[in-house]
Amino acid sequence: MSETRRADGDPELTTYRDVQLSPDFSELRRRFRRFVFPMTGLFLAWYFLYVLLADYAHDFMSQRVFGNINVALLFGLGQFVSTFAITMIYVRWANREIDPPAAQMRELIEGVDQ
Amino acid sequence: MSAPLLVPLASDVGNPTVNILIFALFVAATLAIVIRASRNNKTAADYYAAGRNFTGPQNGIAISGDYLSAASFLGIAGAIATNGYDGFLYSIGFLVAWLVALLLVAELIRNTGRFTMADVLSFRLKERPVRMAAAISTLGVCFFYLLAQMAGAGGLVALLLGIHSRAGQNLVIAVVGLIMITYVLVGGMKGTTWVQIIKAVLLVIGAGVMTLWVLAKYSFNLSSLLGAAVDKSPAAGERLLDPGLQYGATGISKLDFISLALALVLGTAGLPHVLTRFYTVPTSKEARRSVTWAIWIIGIFYLFTLVLGYGAAALVGPDVIRAAPGKANSAAPLLAFELGGELLLGLISAVAFATILAVVAGLTITASTSFAHDIYGSVIKKGQLSGTGEVKVARITVLVIGVVAIVGGIFANGQNIAFLVALAFAVAASANLPTILYSLFWRRFNTRGALWSIYGGLGSAIILIAFSPVVSGKTDAKTGASLSMITDAGIDFHWFPLDNPGIVSIPLAFVLGWLGTVTSREGTNVDKFAEMEVRSLTGAGAEKAVKH
């Protein structure tokens, strides 16, 4: 592999380095990171809240809510709900916000025929 | 068999002939499909990555088939049946972990790599040392995971086929190994993927039917199911439903719970056999669809395991399960026998075998690809080898790994499966994940950082496991018998108090990656970094699907 591969779509954007430094790409990267980093922080915090409560707050988690269903079980099931919800939110967001600009930039780099 | 009083009903449940017959049928059917699917295997991309021609949904189902191992089915159901709520952590951790893969890893990896995890890690760093390190940690993680699956195979046959002698069980482990070798040699990634798809469908249907059956017995009232589970568990009683039954005893065991939770949630996105599955689809958008499908299937399956675990506690009882030949791992099969007699037990055991077989095949193809493509093709032959030459080496490696798996399985026979898998997750989260994240997101990251993080994470995880109570020095408080891998209770060289090393080795690997980077004078390769970043986000220049 050569050190600098040339992108052969647009004569203005000759290398990956040019693309990387272009404002459109910076915007795409910023948009991606501004979604996935906070979202990752959020679900990890929610997960470890559950882990720490299950580990150190036995009395709280063992309270019965109705019948034999206790707080711990609801918290556990809540992790399933949040995982499914974040998955749906992310997919909708990525289809709408990331795919069109990414495809545009890909065509610019590779040429439309690919 | 020599002590029939100790194993009341469980020693000979079901009819071994029925079990073997159903299992043979599964093997014959999948082999036919594998042979059909492999007729188009021509290039290295066909063999390693199924020509990148699977659709997102197909790959999502295959990922579920790869991921829902014997640990998920037998291990978690058993853990919940005997340890109650604490077993549920496995389900939750294994599922939430997929968000790391979905948000941070899957699409970017698909766009950047070709065949292996090492492709991505060595993309913009000094290629040979980093590729070597990544390949070694790939082989390490696959080995631990493989051991868990083969151990499961041994324990399962004891219960299902009525084979109680050690030699007979070893023979069955060898047969499992040989069938797996055949799948991988004949079918490559395409054949392996189809085995995983078929297995995933069977597993989810099987678990779904059992779940509905259990719920129907309690008129679809979860609360009365839980009540019945408590009634049947005199030792644990109400505590079966509350956290802390297994991990709540001491400060150390509580720390172990956090360590396990950390390893589970960060391990998935570092599992090499999961990462290579993203190369079997044509684009990053399909990789995203794969993960979405996988999350739904895996999530629904883990909800089933909750019902199956408490169902086994309620209908079979923890004492009977513990006394059965497969111990906790036999909870799900015993529940099947309780519900539907011989036939359902036969079906469920065939599904459990298929599960082990498919996961073992997936691990084997990943490990052999990594050896042939990374170590032999790139490091030893410096990329001078043709694709077909590499595939030949990969095929020979499959044979070697098959033999290692059989021998390892014979040694690990009887160990707790969910537990061994959790160790593989800890190794993956320590050795692989920090370097994956750093090389994708941190511009300054360099070769020394990668090497310190990979070797430091891998080494610390394995050393801590070797000197943990898992290997030596854990004894049963009542009987004094050894609960460790070394069965002689007199041998005790453990000094690390936790079972799972994650809480130490994962942060350590992240710190080492940072420390190695800032102490090295190597600058960033700006052009390669630009190519990696642009490729990962836009898919420009990414590997295309093979057209036949």
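Hi everyone, here is a short walk through how two chains meet and how one of them packs inside. Please keep in mind that this is a predicted model.

Let's start where the chains touch. The contact draws 44 residues from chain A and 41 residues from chain B. On the chain A side, the elements giving two or more residues are α1 (16-21), α2 (23-56), α3 (58-61), β2 (69-70) and α4 (71-110). Which of these gives the most? That is α4(A), with 17 residues. If we sort the chain A side by class, we find 24 nonpolar, 12 polar and 8 charged residues.

Now over to chain B, and a pair of helices. Two packed helices are described by the angle between their axes and the distance between the axes. For helix α4 (residues 70-83) of chain B and helix α14 (residues 331-380) of chain B, the axes come within 9 Å and cross at roughly 145°. From α4(B), the residues taking part are Ala70(B), Phe73(B), Leu74(B), Ala77(B), Gly78(B) and Ala81(B). They meet Ala331(B), Ala332(B), Ala352(B), Thr355(B) and Ile356(B) in α14(B). By class, that contact has 9 nonpolar, 2 polar and no charged residues.

Finally, the core. The largest nonpolar core has 231 residues, and Ala312(B) and Ala424(B) touch the most other members. The largest share of this core, 28 residues, comes from α14(B). And what does Ala312(B) touch, leaving out residues up to four places away in sequence? Its partners are Ala77(B), Ala81(B), Ile321(B), Ala331(B), Ala332(B), Leu334(B) and Leu335(B).

Definitions and conventions
Residues are numbered from 1 along each chain as its sequence is written. Chains are lettered from A and ligands numbered from 1 in the order in which they are written. This is a predicted model: local features need pLDDT of at least 70, side-chain atom pairs count only at pLDDT 80 or more; totals for chains, interfaces and linings use all residues. Two residues are in contact if their C-beta atoms, placed from the backbone, lie within 7 Å. Helices (H or I, at least four residues) and strands (E, at least two) are DSSP runs, numbered from the N terminus. Ala, Val, Leu, Ile, Met, Phe, Trp, Tyr, Cys and Pro count as nonpolar, Asp, Glu, Lys and Arg as charged, and the others, Gly among them, as polar. Axes are lines fitted to C-alpha atoms, for helices over the stretch in contact, and angles run from 0 to 180 degrees between N-to-C directions. A nonpolar core is a set of buried Ala, Val, Leu, Ile, Met, Phe, Trp, Tyr and Cys residues joined through C-beta atoms within 7 Å. A residue is buried if 20 or more other C-beta atoms lie within 10 Å of its own, exposed if 12 or fewer, and partly exposed in between; C-beta atoms are placed from the backbone.
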